[in-house]
Amino acid sequence: MNTQTLLNNVATINKDNGIFVNAKEFLKELRQVATAVAKPSDHRPNLTFVHVRITENNLILEATDSHVLERANVAASIPDELVGKEFLIDGKFAKNLSKTPTKYGKTLGVYPQFNDGKYKGIISIVGGGEEFIDDSRENISVFGYPDLVRVTPYLNDATVKFDVQQKEIFPVLKEIVKIVNKPGLTKEFKEVKKTEVVALLVKDNVVKLKYSNWEKDLEFPIAVTNIVVNDEFEINFNVKKLKQRLQYLSSRENLTFRFYQNAYRPFTISRENGGLGLVCPIRVY
């Protein structure tokens with residue numbers, strides 16, 4: 001189905017503000033990203049939307065459960081007036097829409113609605129002669145995406161960063177996890193260890209992981225390069241989450257760790273191949 005046919009099928013939306021994407025590619029990436037918001041937990045917020053950023057020639061899809069981030073790019077034909085805007089797609093709507101990606105033809109028209117540049121919470125997706133409407137205004141007004149900046153940092157906003165090979169940091173993470181899971185711990189420590197909290201300290205040209213076993217503070221230096229830091233930076237995180245992100249990477253793969261403004265925002269791990277991971281911090285006070 002070509003663009004004009006799509007437009008002719010829709011009489012209720014602004015025909016000049018359509019974003020056109022390859023149906024199969026868009027729905028495949030949308031479903032994959034949406035899985036990041038489909039894992040509810042009693043221990044952390046479950047942000048139930050896929051966030052979409054509009055650039056000149058693609059859509060950046062991203063979603064988070066506040067511990068991990070999924071992000072993907074989809075090529076698109078985009079009107080100039082929509083460049084720089086952003087909108088949300090309800091996670092359940094995204095998953096349901098992408099269950100049968102072949103039924104919508106080759107091209108989808110995506111029509112987010114804005115008022116004075118702000119997303120109104122309504123989006124129409126048109127394909128295969130049908131219009132599918134996600135009207136999430138009520139949910140957005142209640143839950144919103146209040147931590148959007150916090151959980152989806154822009155890479156060029158990093159205030160602290162360093163490079164490290166997987167083989168330098170992963171063995172240290174494994175060692176700390178062994179200590180966390182060590183049998184015979186006191187009752188008090190077992191209660192605390194459930195969070196598996198580790199601190200990462202960046203100071204001068206030194207990076208350390210710090211862990212307390214209630215007898216003493218253990219420090220583990222990490223061999224890194226290209227450190228950028230003003231004064232000193234420290235952040236607490238779940239050691240098992242970071243270990244999971246790195247365990248299947250090549251031991252020689254170069255990684256760039258970036259940290260953003262303060263210890264309440266997540267840090268990102270960028271891979272050589274362009275992959276991106278995210279680990280959110282833990283407050284301990």
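Okay, one definition before we start: a residue is called buried under 20% relative accessible area, exposed over 50%, and partly exposed in between, using a 1.4 Å probe and protein chains only. By that rule Asp204, at 54% relative accessibility, counts as exposed.

Some ground rules. This is a predicted model, so local features need pLDDT of at least 70 and side-chain atom pairs count only at pLDDT 80 or more, while totals for chains, interfaces and linings use all residues. Residues are numbered from 1 along each chain as its sequence is written, and side-chain values use heavy atoms, with hydrogens and water left out.

Let's stay with Asp204 for a moment. It lies in the loop between strand S10 (197-203) and strand S11 (206-212). When I say helix or strand, I mean DSSP runs numbered from the N terminus: H or I over at least four residues for helices, E over at least two for strands. So what is the phi of Asp204? It is near 55 degrees, a positive value in a residue other than glycine. Most residues other than glycine have a negative phi. Asp231 has a positive phi too, about 70 degrees, and is not a glycine either. You'll find Asp231 in the loop between strand S13 (225-228) and strand S14 (232-238), and at 65% relative accessibility Asp231 counts as exposed.

Back to S10 and S11. They form a hairpin with two residues between them, and they run antiparallel, joined by five bridges. Two strands pair, by the way, if DSSP finds at least two bridges between them. Look at the two faces of S11: Val207, Leu209 and Tyr211 make up the covered one, whereas Val206, Lys208, Lys210 and Ser212 are on the uncovered one.

Now the five-stranded sheet. It is open, antiparallel, and ordered S13-S9-S15-S16-S17. S13 and strand S17 (276-279) stand at the edges with a single partner strand each, so one side of each is left without a neighbour in the sheet. The twist averages 20 degrees from one strand to the next; axes here are lines fitted to C-alpha atoms, for helices over the stretch in contact, and angles run from 0 to 180 degrees between N-to-C directions. Strand S9 (residues 160-165) pairs with S13 over two bridges, and Asp163 has Thr225 in S13 as its bridge partner.

Which helices lie across these strands? Helix H6 (residues 166-180) lies across S9 and strand S15 (254-259), at about 90 degrees to S9. Helix H8 (residues 239-246) lies across S15, strand S16 (267-271) and S17, at about 170 degrees to S17. The buried residues of H6 include Ile169, Phe170 and Leu173.

That takes us to the inside. A nonpolar core is a set of buried Ala, Val, Leu, Ile, Met, Phe, Trp, Tyr and Cys residues joined through side-chain atoms within 4.5 Å. The largest one has 36 residues, and Phe162, Leu209, Leu242, Leu246 and Phe257 touch the most other members. H6 gives the most to this core, with eight residues. Leaving aside residues up to four places away in sequence, Leu246 touches, among others, Phe170, Leu255 and Ile269; contact means heavy atoms within 4.5 Å. Apart from this core lies another, of 34 residues, including Ala34 and Phe49.
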